[in-house]
Amino acid sequence: YDCIKESASEFGFIHLTKTDAVCSFLREAIITGRFKAGYRITQQELAEMLKISPTPVREALHKLDAQGILTYIPHHGAQVATPDRQMINEVYLLRANLESLAIQEAVKTISWKTISCLEEISREIIPNLLGKCLENEDFTPYRDANYKFHKAIYNSSKMVVVPELIDNLWARSMAPDELFLFNIQRSREGITEHLEIIQALKEGDGLKANNTLKTHIDRTRLAYLEYLD
């Protein structure tokens with residue numbers, strides 16, 4: 001997404017330590033579905049993949065294990081944790097509150113360039129990807145675009161702690177491909193809700209943005225729980 005890359009500095013990105021960079025890579029790989037629940041990650045393979053020394057990889061695996069994103073097994077590496085129903089419910093409730101808090105701050109600072117990027121993602125990229133993902137039954141590209149939409153908003157808040165907390169919550173509640181196939185209508189509704197969120201950002205209405213985003217996440221939570229049931 002060129003518009004996202006060009007506006008990266010506006011989203012509050014900062015220079016990371018090697019350990020933090022590995023954590024960021026792993027979180028995004030899990031969120032987008034590249035590494036699915038139960039996927040085994042070995043220290044050596046990840047170090048070779050990222051072309052870095054084993055030390056920051058080992059530290060990252062331990063850090064994400066402590067956060068409940070991975071399950072670390074000594075001498076064997078780690079695997080992506082599998083969330084249960086209670087975990088999904090709690091994580092989405094927390095996401096709804098933290099992301100709605102972040103968007104209230106983002107309303108004050110978000111640039112028109114970023115809003116333009118959000119519109120491109122919601123009006124063009126996500127609708128086009130959704131059809132292709134349905135054909136291929138692989139929703140990794142769709143998940144990636146959806147994640148970038150949300151991340152662009154909460155990073156625009158200029159908050160320091162909240163964005164990382166939200167990323168951790170996303171990584172603990174990765175939706176399986178079967179969820180999208182089970183309720184594709186929810187994904188289509190989500191696109192409309194994205195546009196409503198963008199409108200609130202354009203109007204500079206923090207309360208409207210808060211309520212719209214919170215409703216959007218809560219509806220997704222209920223759809224996820226329905227799938228699990």
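The axes of helix 10 and helix 11 come within 8 Å and cross at roughly 165 degrees. Helix 10 is therefore roughly antiparallel to helix 11. The model is predicted; local features need pLDDT of at least 70, side-chain atom pairs count only at pLDDT 80 or more, and totals for chains, interfaces and linings use all residues. Residues are numbered from 1 along each chain as its sequence is written, and side-chain values use heavy atoms, with hydrogens and water left out.

Some terms apply throughout. Helices (H or I, at least four residues) are DSSP runs, numbered from the N terminus. Axes are lines fitted to C-alpha atoms over the stretch in contact, and angles run from 0 to 180 degrees between N-to-C directions. Angles under 35 degrees count as roughly parallel, over 145 as roughly antiparallel, 65 to 115 as roughly perpendicular and the rest as oblique.

Helix 10 passes helix 11 in a left-handed crossing (the near helix is turned anticlockwise from the far one by less than a right angle; clockwise is right-handed). On the helix 10 side, the contact (heavy atoms within 4.5 Å) involves Arg 186, Gly 190, Glu 193, His 194, Glu 196, Ile 197, Gln 199, Ala 200 and Glu 203. They meet Lys 208, Ala 209, Thr 212, Leu 213, His 216, Arg 219, Thr 220 and Ala 223 in helix 11. By class, this contact of helix 10 with helix 11 holds five nonpolar, six polar and six charged residues. Here Ala, Val, Leu, Ile, Met, Phe, Trp, Tyr, Cys and Pro count as nonpolar, Asp, Glu, Lys and Arg as charged, and the others, Gly among them, as polar.

Helix 6 and helix 7 also pack at an angle of about 165 degrees, with their axes 9 Å apart. Helix 6 is thus roughly antiparallel to helix 7. The crossing is left-handed. Helix 6 contributes Thr 114, Leu 118, Ile 121, Ser 122, Ile 125, Ile 126, Leu 129, Leu 130 and Cys 133. Helix 7 contributes Pro 141, Tyr 142, Ala 145, Asn 146, Phe 149, Ala 152 and Ile 153. The contact of helix 6 with helix 7 has 13 nonpolar, three polar and no charged residues. Glu 137 is found in the loop between these helices. Its phi is near 55 degrees, a positive value in a residue other than glycine. Lys 158 lies in the loop between helix 7 and helix 8 (162-171). Phi of Lys 158 is positive too, near 70 degrees.

Glu 119 lies in helix 6 (residues 112-136). Glu 119 touches Glu 124, Ile 198 and Lys 202, not counting residues up to four places away in sequence. Glu 119 and Gln 199 are 80 residues apart in sequence and 9.6 Å apart in space, C-alpha to C-alpha.

Helix 2 (residues 18-31) and helix 4 (residues 54-66) pack at about 55 degrees, with their axes 8 Å apart. The two helices are therefore oblique to each other. Helix 2 passes helix 4 in a right-handed crossing. Lys 18, Thr 19, Asp 20, Val 22, Cys 23, Leu 26 and Arg 27 in helix 2 meet Pro 56, Val 57, Glu 59, Ala 60, Leu 61, Lys 63 and Leu 64 in helix 4. Eight nonpolar, one polar and five charged residues make up the contact of helix 2 with helix 4.

On a 1 Å grid over the protein atoms alone, a cavity is a set of points where a 1.4 Å probe fits but cannot get out; lining residues have an atom within 4 Å of a point. Grid points are joined across faces, edges and corners, and a volume is the space filled by probe spheres set on the points. The count comes to one cavity of 30 Å³ or more. About 390 Å³ of space lies in the largest cavity. Of its 23 lining residues, the closest to the centre are Tyr 92, Tyr 142, Asn 146, Phe 180 and Thr 220. Helix 5 (85-109), helix 7 (140-155), helix 9 (177-182), helix 10 (184-203) and helix 11 (206-228) each supply at least two lining residues. Helix 10 gives the largest share, five residues. The lining has 11 nonpolar, nine polar and three charged residues.

Terms used:
On a 1 Å grid over the protein atoms alone, a cavity is a set of points where a 1.4 Å probe fits but cannot get out, and a pocket is an open set with protein on both sides within 12 Å along at least five of seven lines; lining residues have an atom within 4 Å of a point.
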